[in-house]
Amino acid sequence: MSTLPVATVLAVSLAYLGLLFVIALLVERRIERGRQLVRSPTIYALSLAVYCTSWTFFGSVGVAATQGIGFLPIYLGPTLMALLWPTLMVKCLRIAKRDRITTIADFIASRYGKRRGLAALVALICVIGVLPYLALQLKAVAAGFTLLTSGSASMRGGLFGDTALVITLVMAAFTIMFGTRHLDASERHEGLVAAIAFESVVKLCAFLAVGLFACFVLFDGPAVLFAEAAAHPRLSALWRFETSAGGWFDWSVLILLSMAAVTLLPRQFQVAVVENVDEAHVRRATWQFPLYLLTINLFVLPLACAGVLLIGPALAADDYVLGLPMQSGHPYLALLVFIGGTSAATGMIIVETTALATMISNDLVLPGLLHRAYAADLGRLLLLIRRGAILIVALLGYLYFRYAGEARSLVSIGLISFAAVAQLAPAFFGGLYWRLGTRSGAYAGLLAGFVVWGYTLLLPSASHSGWLPAQWLIEGPLGIVWLRPQALFGMDGVTAITHGVFWSLLANAAAYVGVSLATRADAQESAQAALFVGALQRDAERPIPLWRGGVALPELRALLVRILGEARAQAALEAYRNRHGGRVDDNDPGLLQHVESVLAGAIGSASARTLVASIAREAPLGLEEVMHILDEASQVLHYSRALSARTRELRDANRRLQELDQLKDEFMSTVTHELRTPLTSIRAFSEILADNPALDPDERARYLGIIIRETERLTRLINQVLDFARLEQGEAQWRIEPVALGAAIGDAAASVRQLFDDAGVALEVGPVPDDWWVRADADRLQQVLLNLLGNALKFAPPRRGRVEVSATRDGASVCVAVDDNGPGVAAQDVETVFEKFRQSGSNLTAKPQGTGLGLPISRHIVERFGGRIWVQPRSGGGASFRFTLPLEESA
Amino acid sequence: MTQKTVLVADDEENIVVSLEFLLRQLGCAVKVARDGDEAIAMIREHRPDLVLLDVMMPARSGYEVCQMLRDDPALRQTPVIMLTAKGREAEIARGRAVGADVYVTKPFSTRELSARIRGMLDLPEA
């Protein structure tokens with residue numbers, strides 16, 4: 001064995017890590033300088049290849065050498081899963097973007113009502129479950145380092161242990177530099193992703209290099225290699241499916257397990273969902289990622305054969321990849337291989353611990369802090385917590401490796417982690433596709449699955465390492481044979497992992513479905529369920545109001561201003577005001593919802609909910625403390641994503657302004673026209689009277705009468721314009737109370753009866769029961785009735801005109817109809833008559849009769865009462881104007 | 001000198017009354033049309049010496065009436081005064097384009113309007 005000096009390996013390794021850091025730094029610098037790096041779909045696909053860790057790099061060959069093609073299911077699963085991405089992944093992306101999801105724990109908790117408890121449980125499962133996986137990486141790098149520098153892979157000893165610890169600390173430091181540069185976890189780590197994609201290329205190249213080396217340097221081509229292997233008694237047996245470890249059942253379980261893992265592992269969720277910049281990238285990844293998996297597996301069998309033939313039992317099978325170039329005297333190729341393996345491990349450790357640290361700080365630590373009145377700088381504290389969490393997770397991984405993992409193969413360690421993470425599958429996939437899944441169901445499933453996982457996989461692993469007596473594995477706890485942790489209910493003849501996965505997922509899924517069916521979701525949960533399950537439908541984007549109570553407006557406003565700044569807070573409130581008929585009240589639950597969604601855009605859904613909840617309900621946390629955390633988080637506005645969103649907002653606002661401006665122009669033009677008409681008469685007759693002092697008294701009186709009437713018309717018009725403006729701007733005063741409908745119609749009819757009699761138009765009022773009370777403002781209701789009656793009178797033919805008023809009940813509302821026998825309203829005008837200054841006929845030729853504002857005003861009023869107003873043709877000619885009003889409940 | 005006939009086309013009753021008064025004062029015979037169609041029919045029938053045309057009328061706008069007048073060789077010479085409550089540049093230009101001789105914005109000065117009518121009809125000073 002040719003070895004390399006420790007200093008060389010150390011220097012090259014650190015130089016490589018430094019290179020990664022420079023790549024990440026350069027990318028982030030570019031983005032900070034505003035030059036948006038075009039993130040290609042290939043970088044996305046390469047970052048997904050963080051799935052291939054040192055397990056793949058060293059472990060696959062180990063499995064192939066001992067169990068034949070048993071290494072394959074771990075790559076077949078993700079390949080199958082990739083086929084589902086165009087729908088599954090896109091759905092996740094839509095949800096994650098809408099709710100600003102930051103981790104898999106956030107995702108699952110969000111689906112079941114954004115509760116911290118569930119997020120904490122998922123975070124806990126992830127942390128505990130993934131520790132063995134982290135240990136695996138440390139073990140691989142430490143073992144590689146030892147082998148490369150000493151030529152032996154002695155598994156125990158002071159130096160080896162120290163090496164692993166040093167590696168742990170270096171990786172942790174590196175991760176802290178990469179992953180926690182800013183507080184906001186929903187922010188993308190573009191530099192990190194670029195570094196990960198680069199690592200994926202390096203590990204692939206290194207693996208292909210050693211594969212080609214084995215095939216063409218150590219042997220005369222793959223044909224020769226396989227011919228020799230076929231002659232090897234142990235190898236030839238491994239190649240046949242039926243004799244390689246595990247039958248169809250084991251294979252199916254492993255495929256399902258890896259399908260779950262590639263979706264649910266915290267680091268996979270991080271790169272696939274949180275770091276995704278463009279939904280369209282998924283399409284390319286659907287074939288590029290499986291292609292990557294295929295390529296990196298191409299030389300697994302040749303390397304395994306070469307290892308068995310040339311090294312045999314002298315080294316552990318996991319060390320063959322490194323051992324082959326070393327044994328044949330190519331230490332620098334071995335160094336390249338080591339760098340490839342380190343790449344694989346580094347990528348995994350960085351992304352995984354970053355994701356776990358976010359979960360720990362957001363879901364495990366932050367909730368505790370939020371309920372204590374910390375006056376200190378919580379924002380900075382949070383950043384420290386996240387950094388501390390990275391260090392602690394890395395050290396826990398080291399401890400697991402040191403005390404539980406040293407004796408086991410890479411793949412068997414990794415599979416335990418896969419099985420833990422797979423416990424999220426029922427709650428995750430059920431949550432995406434099954435609306436009836438409830439939070440209680442998710443709790444039950446996760447707990448049941450996690451407990452069975454611990455019992456069948458974690459405890460036996462601890463026993464194997466000597467931390468628990470091994471006796472109970474064989475005899476069962478307290479001698480109960482059917483409870484043996486690796487043969488529950490007598491299940492035998494499958495691998496321990498298959499056994500554990502089978503029982504834990506069975507318990508998990510059964511508890512999830514059973515408890516879900518037995519419990520009811522609360523309002524918020526159902527709303528989130530609907531949003532998740534229907535995420536691919538467009539209308540699912542509208543938020544559903546979930547707050548029962550409200551908060552005083554100034555308090556909400558202060559919260560918004562502190563995070564978004566004065567201008568955007570104002571715009572956010574303005575947008576809400578416009579959408580709700582110009583009114584913003586204290587204690588409006590809808591406004592609370594609006595504020596939450598606006599905040600979520602800046603600081604993520606779960607934090608936004610916690611903050612709004614903290615001022616909405618019991619308010620254990622004073623506003624000041626809340627503000628404090630937010631100051632830090634509001635930094636997010638400076639980053640590019642927020643900027644592009646802002647540009648879009650501005651563009652929309654500008655378009656709205658232009659539309660409004662044009663509308664205002666039309667309005668002004670029509671208003672002035674309407675004012676000019678009575679003014680014309682007034683001026684003309686005033687001048688006639690002034691110029692003709694000798695007019696006879698009758699004529700004089702007639703002209704003065706016209707002036708007076710036109711002046712009244714002008715006054716009425718001005719009043720209506722002002723009234724309309726008040727209604728449109730929401731400044732009108734309302735006194736909504738129960739109003740007796742029959743009396744209101746009677747009053748209106750009485751006050752116009754004389755006008756009808758003068759015009760010779762018959763006015764008939766149908767019977768209205770005395771106990772029909774509607775919720776309305778009595779004066780405004782009169783205004784609507786008078787407008788409609790005046791309208792009908794105007795269009796009814798003189799002398800033979802006939803107008804009928806009637807009311808009919810329809811469930812919880814009542815419909816009032818004012819019918820005339822005039823010319824009716826043309827089909828194309830039934831909508832426009834309710835727009836300001838538009839009566840039937842085209843804008844140019846029709847002279848509006850009256851002010852043209854009566855119907856628009858009536859529509860405003862009726863809609864404010866919660867009803868609607870419309871016109872329909874009347875059978876036998878004429879128009880029927882109708883409006884509905886809600887009936888008073890106690891009627 | 002024969003009495004001049006003037007057609008007033010407007011659908012606003014009170015304005016028609018005021019115009020009738022002014023025209024009678026000038027010694028003209030007055031015919032009244034309430035919409036665009038009626039205006040065209042009456043122009044054909046009475047061959048007025050002057051037409052006072054409101055722009056916004058039911059059935060046919062004053063612009064259309066004026067355009068038809070200018071397209072008809074027999075009526076082409078009839079002078080037209082357009083009356084409108086729309087006083088913007090674009091609308092005045094449109095009135096000119098369809099061949100109105102004078103464009104008057106409402107509310108108008110009765111003295112000024114009378115003077116213009118007098119000039120167009122070649123009437124003596126009152």
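**Exercise 1. Confidence in the model**

Task: State the mean pLDDT of chain B and the share of its residues that reach 70 or more.

Solution: For the complex, the predictor gives an ipTM of 0.93 and a pTM of 0.58. This is a predicted model, in which local features need pLDDT of at least 70 and side-chain atom pairs count only at pLDDT 80 or more, while totals for chains, interfaces and linings use all residues. Residues are numbered from 1 along each chain as its sequence is written, and chains are lettered from A, and ligands numbered from 1, in the order in which they are written.

**Exercise 2. Chain A as a whole**

Task: Find how many helices and strands chain A has, and what percentage of its residues count as buried.

Solution: Begin with the secondary structure, in which helices (H or I, at least four residues) and strands (E, at least two) are DSSP runs numbered from the N terminus; chain A comes to 33 helices and seven strands. Next comes burial, for which a residue is buried if 20 or more other C-beta atoms, placed from the backbone, lie within 10 Å of its own, exposed if 12 or fewer, and partly exposed in between. Of the 891 residues of chain A, 48% count as buried. Last come the contacts, where two residues are in contact if their C-beta atoms, placed from the backbone, lie within 7 Å. Among contacts in chain A between residues at least 6 apart in sequence, 80% join residues at least 24 apart.

**Exercise 3. Where chain A touches chain B**

Task: Determine how many residues each chain brings to the contact, and which helix of chain A gives the most to its side.

Solution: Chain A brings 18 residues to the contact and chain B brings 21 residues. On the side of chain A that touches chain B, α29 (640-691) and α30 (697-729) each supply at least two residues, and α29(A) gives the most, with eleven residues. Sorted by type (Ala, Val, Leu, Ile, Met, Phe, Trp, Tyr, Cys and Pro count as nonpolar, Asp, Glu, Lys and Arg as charged, and the others, Gly among them, as polar), the residues of this side of chain A divide into seven nonpolar, six polar and five charged.

**Exercise 4. Two helix pairs**

Task: Work out how α31(A) lies relative to α32(A), and then how α4(A) lies relative to α11(A).

Solution: Axes are lines fitted to C-alpha atoms, for helices over the stretch in contact, and angles run from 0 to 180 degrees between N-to-C directions. Angles under 35 degrees count as roughly parallel, over 145 as roughly antiparallel, 65 to 115 as roughly perpendicular and the rest as oblique.

- The axes of α31 (residues 741-759) and α32 (residues 778-795) of chain A come within 9 Å and cross at roughly 30°, and α31(A) and α32(A) are therefore roughly parallel to each other. Among the residues that meet are A:Val752 and A:Leu755 in α31(A) and A:Leu785 and A:Leu789 in α32(A), and the residues of this contact divide into 13 nonpolar, two polar and one charged.
- Helix α4 (residues 73-99) and helix α11 (residues 248-264) of chain A pack at about 55° with their axes 7 Å apart, which makes α4(A) oblique to α11(A). The contact includes A:Gly77 and A:Leu80 of α4(A) and A:Trp251 and A:Ser258 of α11(A), and its residues divide into 13 nonpolar, three polar and no charged.

**Exercise 5. Buried or partly exposed?**

Task: Decide whether A:Thr163 is buried or exposed, and do likewise for helix α15 of chain A and for A:Gly312.

Solution: A:Thr163 lies in helix α7 (residues 158-179) of chain A and counts as buried because it has 21 C-beta neighbours inside 10 Å. Leaving out residues up to four places away in sequence, A:Thr163 touches A:Ala142, A:Phe145 and A:Thr146; A:Ala142 is 21 residues away in sequence and 6.0 Å away in space, C-alpha to C-alpha.

In α15 (residues 320-327) of chain A, seven of the eight residues are buried, so this helix is largely enclosed by the rest of the structure. Among its buried residues are A:Tyr320, A:Leu324 and A:Met326. A:Gly329, whose phi is positive, near 80°, follows α15(A).

A:Gly312, in the loop between α14 (300-310) and α15 of chain A, is partly exposed, with 13 other C-beta atoms within 10 Å. A:Gly312 and A:Ala65 are 247 residues apart in sequence and 9.4 Å apart in space, C-alpha to C-alpha.

Key:
pLDDT = per-residue confidence, 0-100.
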